[in-house]
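This report looks at aromatic ring pairs and at some backbone features. Please keep the sequence and the structure in view while reading.

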Amino acid sequence: MRIARRSTTRVAASSLVAAAAFALVGVQAAGQTASAAPQKAAATVDCTAANTKLTVEDVSRPINTLLLTATNTGTKPCNLHGAPYLAAGAGAQAPVTWLDSSKPQAVVTLAPGESGYAGIGTSSPDGDEGYIAKTLGVDFSNKELNGSIGKRVTLPLPDGGVYFNSANFVTYWQSDVYDALFG
């Protein structure tokens, strides 16, 4: 009987120690979870002409393509929604079409000093009704993607003008130059 009582007592004592250890680990884990909880995210604003610098440049590849760069000049992170609304030329009758296949999975958010990119296909042999545009009007899209926000920015196009035809398009905003041009 003594042997049975000792082993029962040892098992009970071991179980008690193990339960206490698990309880302590649980309390420590709960404390770590609470302290590791994410801090309140920095408030973001929409990217507009007031907090974003825009540039447009010709690129060597792919051909008939421009690169539109938006750089956050503000003090808060800003969101580039959808794609830019573009008017190629002063008398443009229709906006440049958004390229649906370039839609990213998330909104592009720019920290102060960071840049986002959109590729602009200006023309293709498949297009018709071409013209030379000397300026590019750029409007930022609102969150709902059904209109623009802020003031329009008008940029001079490279080389004194760029040929556009009906096959023109613009990609959605991207966080990477490669995705804007080749994605």
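Strands here are DSSP runs of at least two residues, and both strands and helices are numbered from the N terminus. The model is a predicted one.

## Aromatic rings

A pair of aromatic rings is described by the distance of the centres and the angle of the planes. The structure holds five aromatic pairs. In one of them, Tyr 85 and Trp 98 have ring centres 5.1 Å apart and planes at 40°, so this pair counts as tilted. Tyr 85 belongs to strand 5 (residues 85-88), while Trp 98 sits 13 residues away in the loop between strand 5 and strand 6 (108-110), and the pair thus links distant parts of the chain.

Trp 98 also pairs with Tyr 172 in an edge-to-face arrangement, with 5.3 Å from centre to centre and 70° between the planes. Because Tyr 172 lies in the loop between strand 12 (169-170) and helix 2 (177-182), this pair ties together parts that are 74 residues apart in sequence.

## Backbone features

Most residues other than glycine have a negative phi, and most peptide bonds are trans. The peptide bond from Arg 61 to Pro 62 is cis, with omega near -10°, and Pro 62 is placed in the loop between strand 2 (52-58) and strand 3 (65-72).

Leu 145, although not a glycine, has a positive phi of about 60°; Leu 145 lies in the loop between strand 9 (135-141) and strand 10 (148-156) and is partly exposed, at 33% relative accessible area. Asp 159, not a glycine either, has a positive phi of about 60°, and this residue is exposed, with a relative accessible area of 71%.

How values were computed
Residues are numbered from 1 along each chain as its sequence is written. This is a predicted model: local features need pLDDT of at least 70, side-chain atom pairs count only at pLDDT 80 or more; totals for chains, interfaces and linings use all residues. Side-chain values use heavy atoms; hydrogens and water are left out. Rings of Phe, Tyr and Trp (its six-membered ring) pair if their centres lie within 6.5 Å; planes under 30 degrees apart count as stacked, over 60 as edge-to-face and the rest as tilted. Helices (H or I, at least four residues) and strands (E, at least two) are DSSP runs, numbered from the N terminus. Buried means under 20% relative accessible area, exposed over 50%, partly exposed in between (1.4 Å probe, protein chains only).
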